[in-house]
Amino acid sequence: DMEAAWYESTSYFLSMHPSSEPLDLIRLPREAPRGTDDTQMVSAPQAALPPTVTRDGVFGTHVASFGQEMMLLVPQLDLHLIVYFWGTRGNVWNANTTLMGQSAIPLREYSLQRHPTKWAVHSTTSGEKVSDVRLTYSVSTTPGPIENLVMTDVKETKIALKWLAPANDHGSPVIGYRISLTTGDDADLDWRVLCDCTKMANPVYVLTNLEGNSRYKVNVQAVNKVGPGDEYIENLATSSVRPSPPSKPWIDEVRDGCLCVAWNPPTSDGGAAISAYKVRMKKSLGVTRFTIPLFGRNEADSKWVDMGTVGAAMNEQTVARPATYTAWVGPLEQLTCEYRFQIVAINRVGMSDGSPLGDAHYVA
């Protein structure tokens, strides 16, 4: 009974809550609808601005108009939004608040959204209609997945990406994209967030500071005002690099004034098959195994000579037994001389650093 005596006043409130929020957890409003404790509250309290109240004639119906847009963030989408209609009767000493009625507004009927709709508010005790609520509402969730992610440019240390925006933004425009990266093959490994939300909604991004000849996983998520959307995970790989240096060469055989130089392939081909090996010889005339570098050896007396290339075999390296390459070099000098050899691997990207210098071979 909201009939007020001459010394009393009445006021009315509306509060809106997800259907998953129990009525007995909603605190009765005093000046405005109040929320429950943070640990119990599903919806966050947000007070509306005072409405504009009009009346249809002297004895007509009062109409309260709220021109304010309000937003409610919930962890999951409920079936209904419950509109509670409260009445407060009070005087200077006390006040009593009563739930006058309620109305359930479906949240998953998208045909009812984004245009004004009238809903009847019925008494929670008698079931009689006590009021009408007219409102425009919409439900927004996080966006769907992006589409057709491709690599538009691949370098040793960076990859340029391009994709299509989600087919469905789920009620809220895409404002940017969230980019995450991991170096593991397992998608459950730790992801490193490179950008929480790009400054613009252009569906492009350049990954930088990468390592050459390496594999990555990238996760691109469209972001709207609700948050990041569905994941889109893609495997990536940076471009090939130069091979690592071959093994230290050794003299495998000496025969008829010639040397057979041998070596093993490098531990990494850089992601591109090795096509050939270059043999380099360092020749130091007048140097013997007894020469003391400080007094009798001058690096300027040494001469580097390219001895040619040796073609690489396909599938040259296996786990059980790496390939061994050889190259015959000669004829050797008749004078006193020191020989050392170095090997360089070549792939389509370029040449490796030189291998460690082989042990010296002397001719006396």
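## Salt bridges

The structure holds 10 salt bridges. The model is a predicted one, and three of these pairs are described here. Side chains of opposite charge can pair when their charged atoms come close.

One of the salt bridges joins the side chains of K248 and D359, with a distance of 2.8 Å from N to O. This pair links distant parts of the chain, since the two residues are 111 residues apart. K248 sits in the loop between strand 14 (233-237) and strand 15 (250-255), and D359 sits in the loop between strand 20 (337-346) and strand 21 (361-363). With a relative accessible area of 39%, K248 is partly exposed. D359 has a relative accessible area of 54% and is exposed, because the cut-off for that class is over 50%.

A second pair is formed by R255 and E253, whose closest N and O atoms are 3.2 Å apart. R255 is partly exposed at a relative accessible area of 43%, and E253 is partly exposed at 30%. D132 has 34% relative accessibility and counts as partly exposed.

## Confidence in the model

The protein chain has a mean pLDDT of 84, and 85% of its residues reach 70 or more. Over residues 30-44, pLDDT stays under 50. For that stretch the model has 33 contacts beyond four places in sequence. Where pLDDT is low, the predicted coordinates should not be read in detail.

## The chain as a whole

The protein chain contains 1 helix and 21 strands. It has 364 residues, of which 34% count as buried. Its accessible surface comes to about 22,300 Å², and carbon and sulfur atoms account for 51% of that area.

Contacts can also be sorted by how far apart the two residues are in sequence. Among contacts between residues at least 6 apart, 61% join residues at least 24 apart.

An open sheet is formed by 4 strands in the order 18-17-20-21, with antiparallel pairing. Strand 18 (302-311) and strand 21 stand at the edges. Each of these two has a single partner strand, so one side of each is left without a neighbour in the sheet. From one strand to the next, the twist averages 25°.

Within this sheet, strand 20 and strand 21 pair in the antiparallel sense over 3 bridges. E338 has Y362 of strand 21 as its bridge partner. The loop between strand 20 and strand 21 holds D359, the residue that forms a salt bridge with K248.

Strand 8 (residues 147-154) and strand 9 (residues 159-164) run antiparallel and are joined by 5 bridges. The two strands form a hairpin, with 4 residues between them. Across this pairing, M151 stands opposite L161 in strand 9.

Strand 9 also pairs with strand 12 (residues 204-207), again in the antiparallel sense, over 4 bridges. Here the bridge partner of I159 is L207 in strand 12.

## Backbone angles in the loops

Most residues other than glycine have a negative phi, and most peptide bonds are trans.

R114 has a positive phi, near 65°, and is not a glycine. It lies in the loop between strand 5 (95-106) and strand 6 (117-122). R114 counts as partly exposed, at 47% relative accessibility.

H170 is another residue that has a positive phi without being a glycine, with a value of about 60°. H170 lies in the loop between strand 9 and strand 10 (176-182). Its relative accessible area is 29%, and H170 is therefore partly exposed. The peptide bond from G330 to P331 is cis, with omega near 0°. P331 is found in the loop between strand 19 (325-329) and strand 20.

Technical notes:
Residues numbered from 1 in each chain as written. Predicted model: local features only at pLDDT ≥ 70, side-chain atom pairs only at ≥ 80, totals over all residues. Heavy atoms only, no water. pLDDT = per-residue confidence, 0-100. Contact = heavy atoms within 4.5 Å. Salt bridge = Lys/Arg side-chain N within 4 Å of Asp/Glu carboxyl O. Buried < 20%, exposed > 50% of the residue type's maximum accessible area, 1.4 Å probe, protein only. Areas by Shrake-Rupley, 256 points an atom, 1.4 Å probe, with all protein chains shown as cover. Pairing = 2+ DSSP bridges. Axes fitted to C-alpha atoms, helices over the stretch in contact; angles between N-to-C directions.
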